[in-house]
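Let's take a walk through this model together. Have the sequence and the 3D view open as you read.

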Amino acid sequence: MTGDWAVGSYSGGFSPETKQNLHDLYSSRCAVCGQKRESPFGNPEAEAAHIHPAQHGGPDRETNGLLLCRRCHWGFDSGWLSLRDDYSIIVADASSTHGYESFHQFSDRSLVQPSTEDLEPEIRFVQVHRKLFGFDPITRGID
């Protein structure tokens, strides 16, 4: 893959600034389930999640991020959940697998959108996520 989103090494997670921006953009709510949970000390449960994973060259920027609760973050990073280009949620077709019951309720639901429209997830990152997790076929050469 080429483009300004390719990086030479795995940098890990988002910067503290990007994490805070994602919390602000999504009002500390999970972009999939819409839940907002806090500890008794006011710390939000939701966490920054890469759409195009960092270990596969995904950049540290708000348009490559979502704010997700821990359950939905795991579902997004493990292949249960992805997104269509219209930001509707796709759930893996694995109804006989343990865990399906946790995610099937989100199928075809619209993703919670960030408060700033020009910082919504970039489609190119969404498309990479679908390919990496088997929701779209991976093609070689020129399409």
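Helices (H or I, at least four residues) and strands (E, at least two) are DSSP runs here, numbered from the N terminus. What you're looking at is a predicted model, where local features need pLDDT of at least 70, side-chain atom pairs count only at pLDDT 80 or more, and totals for chains, interfaces and linings use all residues. Residues are numbered from 1 along each chain as its sequence is written, and side-chain values use heavy atoms, with hydrogens and water left out.

Let's start at Glu117, in the loop that runs between helix H3 (100–103) and helix H4 (123–132). Glu117 counts as exposed because its relative accessibility is 66%.

Leu25 takes us to helix H1 (residues 16–25), where the buried residues are Thr18, Leu22, His23 and Leu25. They sit on the same side of H1, because they cover an arc of only 165° around the axis (the arc is that of the directions from the helix axis to the C-beta atoms). The face turned away from this buried side carries exposed Pro16 and Glu17. After H1 comes Ser27, with a positive phi near 50°.

Now hop over to H4, whose buried residues are Phe125, Val126, Val128, His129 and Arg130. After H4 comes Gly134, and its phi is positive too, near 80°.

Definitions and conventions
Buried < 20%, exposed > 50% of the residue type's maximum accessible area, 1.4 Å probe, protein only.
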